[in-house]
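Take a first look at the chain shown here. Follow it from one end to the other before reading on.

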Amino acid sequence: MASASGHKTSQHLIEAEAYRRIMAGELPESFDEFAGQLLAWLQQTHPGASPITQNIIEDQIREIWHRRHELIRGG
C-alpha cells in the first residue's frame, strides 16, 4: 500500500521486512520481541516514516507470525 504521494507506508515497510526476516530465518523466540524488533528497525532505517505503534505492528504481522513455519517450508 502506498500513500497518495506514492511513498510506501510504515505498514508496507514493516510487512516487507517481516517477510524478509521470516524467509531468512531471522526470528526471535517471541512474537512480542519480533514486533519490537520491527518497530526499532523502522525507526532506525526509515526515521521519516509515518509513526506507528508496536500494537499496530502486532495486529499487522500476527497472521504472518503464525504462518512462519509454513512460509519457511514453502507451503
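Predicted model: local features only at pLDDT ≥ 70, side-chain atom pairs only at ≥ 80, totals over all residues.

Residues are numbered from 1 along each chain as its sequence is written, and side-chain values use heavy atoms, with hydrogens and water left out.

The chain has four helices and zero strands. Helices (H or I, at least four residues) and strands (E, at least two) are DSSP runs, numbered from the N terminus. Along the sequence the pattern reads α-α-α-α. Of the 75 residues, 33% count as buried (under 20% relative accessible area, with exposed over 50% and partly exposed in between; 1.4 Å probe, protein chains only). Contact means heavy atoms within 4.5 Å. Among contacts between residues at least 6 apart in sequence, 57% join residues at least 24 apart.

Now the helix pairs. Two packed helices are described by the angle between their axes and the distance between the axes. Axes are lines fitted to C-alpha atoms, for helices over the stretch in contact, and angles run from 0 to 180 degrees between N-to-C directions.

Helix 1 (residues 10-24) packs against helix 2 (residues 31-45) at about 120°, with the axes 10 Å apart. That makes helix 1 oblique to helix 2 (under 35 degrees is roughly parallel, over 145 roughly antiparallel, 65 to 115 roughly perpendicular, and the rest oblique). Ser10, Leu13, Ile14, Glu17, Ala18, Arg21 and Ile22 of helix 1 meet Phe34, Gln37, Leu38, Leu39, Trp41 and Leu42 of helix 2.

Helix 2 also packs with helix 3 (residues 54-66), again at an angle of about 120°, with the axes 9 Å apart. Helix 2 and helix 3 are therefore oblique to each other. On the helix 2 side, the contact includes Phe31, Asp32 and Phe34. On the helix 3 side, Ile57, Ile61 and Trp65 are among the residues that take part.

Finally, look at glutamate 17, which sits in helix 1. Is glutamate 17 buried or exposed? Glutamate 17 is buried, with a relative accessible area of 8%. Its side chain makes a polar contact with the side chain of arginine 21 (2.8 Å). A polar contact is a pair of N or O atoms within 3.5 Å; within protein, one must be able to donate a hydrogen and the other to accept it, and residues adjacent in sequence count only if both atoms are side-chain atoms. Leaving aside neighbours within four places in sequence, glutamate 17 is in contact with Leu38 and Trp41.
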